[in-house]
Amino acid sequence: PPRTLSRPPTMTLAVLVLGLASALCVESAHGWSLGGNRRVDPTRSTQSLIEHLRRGPSRVNDDVSIVPLTKYECGFQWSGKTSANVGGGRQGQGDEDREIAFVDRAEFVSPRCGRDTHVGKAVEAYFGANEDARKEYSAVLPRMYIAIFLSLTRRSIVSGGSFDPYLRTLPSRSDLQHLPIFWNARELDELQDSAVKEAVRRRRNDWEDEFNTVRKAIAEDVNCHDDFVDCETWFWARSIITSRAFKDGHETCLVPYVDMMNHINSDRDDTIECEWNINPSGFHLVIPEKSLEIGTTKSVELSYGYHSNSNFLLNYGFSVTDADQAVDDQALLSMILQGDTDAAKEALWEGDGLGDCHKIRRNVTINIGNPGPMQSLLSLCRVASSQ
């Protein structure tokens, strides 16, 4: 994630300070650990992953170097010494000449990885026998299977096998404290009535329901030992997926090496936004032709997509200052009437059927676009609603 944070329109100054402090301490989602909280040099673990990828059909450009950013994080730079290529072709001959990396499909951590485990098989049998449950979880089931694999390998219940070099680069739970899902009650209270606070509550409930469903599936399978992980590890695995996964058609997957890249900050001139696509052979990451300049050194990054700052904070733990990247934000206003309100206004408020307007708060969602008059109005409304 970019080093520069801005105040999302739905956040208070206290949240800004909290988020900034968290981001400066962690710097990004890419801390590294191996087994619990024991740290591994990020440069060394990343280099080991690259060497592993190069031993197979995957490719990583020699002109891309690992750059330490913090004690627990590294990034990537393209030196521009030659045309960006892996195979030695000349500049301008097509995507191979602009290739930063190609990750073979066999390296993808896909739902199949979790489905093939003993826990995955128990879950599959459970949903096979419970059609209503399958329908309820159908949208998130692929991500649940990946979370099963990550959880089991994290606790060494099953072997990571050929995925071990990649798994060693994943951040530990303690490295993910910038994500609101791991904030404590006091920190979440700083969000006041932000849409992020409600989203965190829903996400926690959803992930806990998923975890309990997996536990239930294990309990009902006579062939499956009750050796699954705790809820904290499940939350860690689900956070890895929400902050790093790609869409492969209609399916979710984790892609080694590529998922370590930071979100592009288009306000800076020393970065290159890579282009990428997934096809039947694997993941292709290339430099745009306009960026092929010999003799330049730039950070290699990619776009996480266009989101509201609320979504950036919820899923990645940062916000952006670039107005071209952020779409509409939302805020949740929680309002209640004072005791001296006239009867006509009370009748209007209670017409919603929610009950006593002096005791039950009404939550109103407000959408805002680029900073301007609406942002100022929203700030005033939020101050008024907190009185």
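This is a short walk through one predicted protein model, given as a talk at a group meeting.

Okay, hi everyone. Some housekeeping before we look at anything. Residues are numbered from 1 along each chain as its sequence is written, and side-chain values use heavy atoms, with hydrogens and water left out. Because this is a predicted model, local features need pLDDT of at least 70 and side-chain atom pairs count only at pLDDT 80 or more, while totals for chains, interfaces and linings use all residues.

So, how confident is the predictor? pLDDT is its confidence in each residue, from 0 to 100. The chain averages 77, and 72% of the residues score at least 70. Still, where pLDDT is low, the predicted coordinates should not be read in detail.

Now the overall picture. The chain has 13 helices and twelve strands. Those are DSSP runs numbered from the N terminus: helices are H or I with at least four residues, strands are E with at least two. Of the 387 residues, 51% are buried, where buried means under 20% relative accessible area, exposed means over 50%, and partly exposed is in between, using a 1.4 Å probe and protein chains only. And if you take contacts with a separation of 6 or more, 69% of them are between residues 24 or more positions apart.

Let's do the sheets. Which order do the strands take in the sheet with mixed pairing? That open sheet of four strands runs β2-β3-β10-β7. Two strands pair if DSSP finds at least two bridges between them. The edge strands, β2 (64–70) and β7 (271–273), each pair on one side only. On average, neighbouring strands here are turned by 45° against each other, direction ignored; the axes are lines fitted to C-alpha atoms, and angles run from 0 to 180 degrees between N-to-C directions. Zooming in, β3 (residues 73–78) and β10 (residues 298–301) run antiparallel and are joined by two bridges. In β10, serine 299 is the bridge partner of glutamine 77.

The other open sheet of four strands goes β1-β4-β9-β8, with antiparallel pairing. At its edges stand β1 and β8 (275–279), each with a single partner strand, so one side of each has no neighbour in the sheet. Two bridges join β1 to β4 (residues 99–104), and in β4 the bridge partner of arginine 59 is phenylalanine 102.

On to helices. α2 (residues 42–54) has 13 residues and reaches 18 Å from its first C-alpha to its last, close to the 18 Å expected at 1.5 Å a residue. The expected span is 1.5 Å times one less than the number of residues. In α2, Pro42, Ser45, Thr46, Leu49, Ile50, His52 and Leu53 are buried. Why do they share a side? They cover an arc of only 160° around the axis, which puts them on the same side of α2; the arc is that of the directions from the helix axis to the C-beta atoms. What do they pack against? β1 (59–60), β2, β3 and α7 (164–167).

Then there's α9 (residues 195–220): its 26 residues should span 38 Å, and its end C-alpha atoms are 38 Å apart, which agrees. Its buried residues include Trp207, Phe211 and Arg203.

Last, a few single residues. Serine 151 lies in α6 (residues 141–154). Is serine 151 buried or exposed? Buried, with a relative accessible area of 0%. Leaving aside neighbours within four places in sequence, serine 151 is in contact with Phe228, Val229, Thr233, Trp234 and Ala237.

Most residues other than glycine have a negative phi. Now look at serine 156, in the loop between α6 and α7: it has a positive phi of about 60°, and it is exposed at 63% relative accessible area. Tyrosine 257, in the loop between β6 (251–253) and β7, also has a positive phi, near 75°, but tyrosine 257 is buried, at 0% relative accessibility.

And one more loop residue: asparagine 223, between α9 and α10 (231–244), is exposed, at 69%. Asparagine 223 and alanine 122 are 101 residues apart in sequence but 8.1 Å apart in space, C-alpha to C-alpha. That's it from me, thanks!

Notes
Contact means heavy atoms within 4.5 Å. pLDDT is the predictor's confidence in each residue, from 0 to 100.
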